[in-house]
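Please look over the sequence and the model below. A short report on selected features goes with them.

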Amino acid sequence: LESFKEELKRSHEEREERHKLKKQIVEGSAALGQPAPYIPEPVVPGQGSLDFGDPCTTNLYVGNIHPKMNEESLCHYFGKYGPLASVKIMWPRNEEEHSRGSHCGFVAYMKRDDAERAINGLRDKEILGFALKVGWGKAVPLPAVPFYVPPEMRQQNLPAVAPPPPTGLPFNAQARPRPGTGFGPRPELEECIVRVVIPHDKELLRLIHRTIEFVIREGSAFEAIIMQR
């Protein structure tokens with residue numbers, strides 16, 4: 001448990017350090033009095049940074065992203081066209097990448113049609129003074145459920161994205177109705193169903209994944225400690 005807590009602490013400190021560094025870069029660029037010129041991101045053949053004609057890909061390459069934008073910003077703009085499978089900004093890792101003055105990333109949709117509409121709607125769209133460069137990227141595996149669902153779609157399809165109300169049963173099991181008989185004070189578990197809803201909060205989802213990894217690695221004793229906490 002202590003090593004798990006230490007890992008979470010290190011992850012938080014590294015994230016804060018990245019945010020601090022990004023703020024310094026943005027403030028330094030602003031002090032120059034003019035925006036940094038757009039420099040296209042390098043593409044290494046064979047590594048899949050860009051698409052080479054795959055008609056089934058739903059993944060988009062996004063270039064010339066303003067340094068103040070983050071994954072949440074991309075979800076806001078690209079999510080208007082449909083549920084997203086994944087969003088990733090390639091944060092600069094060295095001085096050469098920092099000097100470009102803009103970032104690049106990838107946004108994958110659950111459906112090809114949504115990705116096509118996003119290309120048509122966002123290509124060369126100016127956001128914070130930077131014109132987005134949007135094109136097809138190499139296909140990526142799609143999750144069973146979206147990583148991000150636009151708020152308006154959540155409202156239209158609330159049962160698919162919202163967790164069921166608490167029942168007090170293990171794993172928040174939901175009782176199946178039995179026509180004409182109803183339930184007693186506590187239905188049998190074999191008569192219930194467990195519905196799993198993947199959260200849209202990225203930090204919560206990351207915490208769940210890391211907890212699962214620790215439970216797998218450390219075993220039932222660690223799981224018992226977590227449950228007691």
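## Basis

This is a predicted model, in which local features need pLDDT of at least 70, side-chain atom pairs count only at pLDDT 80 or more, and totals for chains, interfaces and linings use all residues. Residues are numbered from 1 along each chain as its sequence is written, and side-chain values use heavy atoms, with hydrogens and water left out.

## Helix H2

Helices (H or I, at least four residues) and strands (E, at least two) are DSSP runs, numbered from the N terminus. Helix H2 spans residues 71-78. Its buried residues are Glu-71, Leu-74, Cys-75 and Phe-78. Buried means under 20% relative accessible area, exposed over 50%, and partly exposed in between (1.4 Å probe, protein chains only). Viewed down the axis of H2, the buried residues fall within an arc of 105°, so they line one face of the helix. That arc is taken over the directions from the helix axis to the C-beta atoms.

## Nonpolar core

The largest nonpolar core has 22 residues. Such a core is a set of buried Ala, Val, Leu, Ile, Met, Phe, Trp, Tyr and Cys residues joined through side-chain atoms within 4.5 Å. Leu-60, Leu-74, Phe-78, Leu-84, Val-107 and Tyr-109 have the most contacts inside it. Two or more residues each come from strand S1 (59-65), H2, strand S2 (84-90), strand S3 (103-109) and helix H4 (112-122). H4 gives the largest share, four residues.

Leu-84 has contacts (heavy atoms within 4.5 Å) beyond its neighbours within four places in sequence. Among them are Cys-75, Phe-78, Val-107, Tyr-109, Pro-146 and Phe-147.

Asn-64 is found in strand S1. It is buried, with a relative accessible area of 6%. Its side chain reaches the backbone oxygen of Ala-131 at 2.9 Å.

Glu-71, in helix H2, also counts as buried, at 15% relative accessibility. A polar atom of the Glu-71 side chain lies 3.3 Å from the backbone nitrogen of Ile-89.

## Salt bridges

The count comes to five salt bridges, each a side-chain nitrogen of Lys or Arg within 4 Å of a carboxyl oxygen of Asp or Glu. One of them joins Arg-112 and Glu-116, with the closest N and O atoms 3.2 Å apart. These two residues are four apart in helix H4, about one helical turn. Arg-112 is partly exposed at 22%, and Glu-116 is partly exposed at 33%.

Arg-117 pairs with Asp-114, the closest N and O atoms being 3.0 Å apart. Three residues separate their positions in helix H4, again about one helical turn. Arg-117 is partly exposed, at 43%, whereas Asp-114 is buried, at 11%. An α-helix has 3.6 residues a turn, so residues three or four places apart point the same way.

Glu-218 and Arg-217 form another salt bridge, with the closest N and O atoms 3.3 Å apart. Glu-218 is partly exposed at 43%, while Arg-217 is exposed at 55%.

Notes:
Polar contact = N/O pair within 3.5 Å; in protein donor to acceptor, adjacent residues only side chain to side chain.
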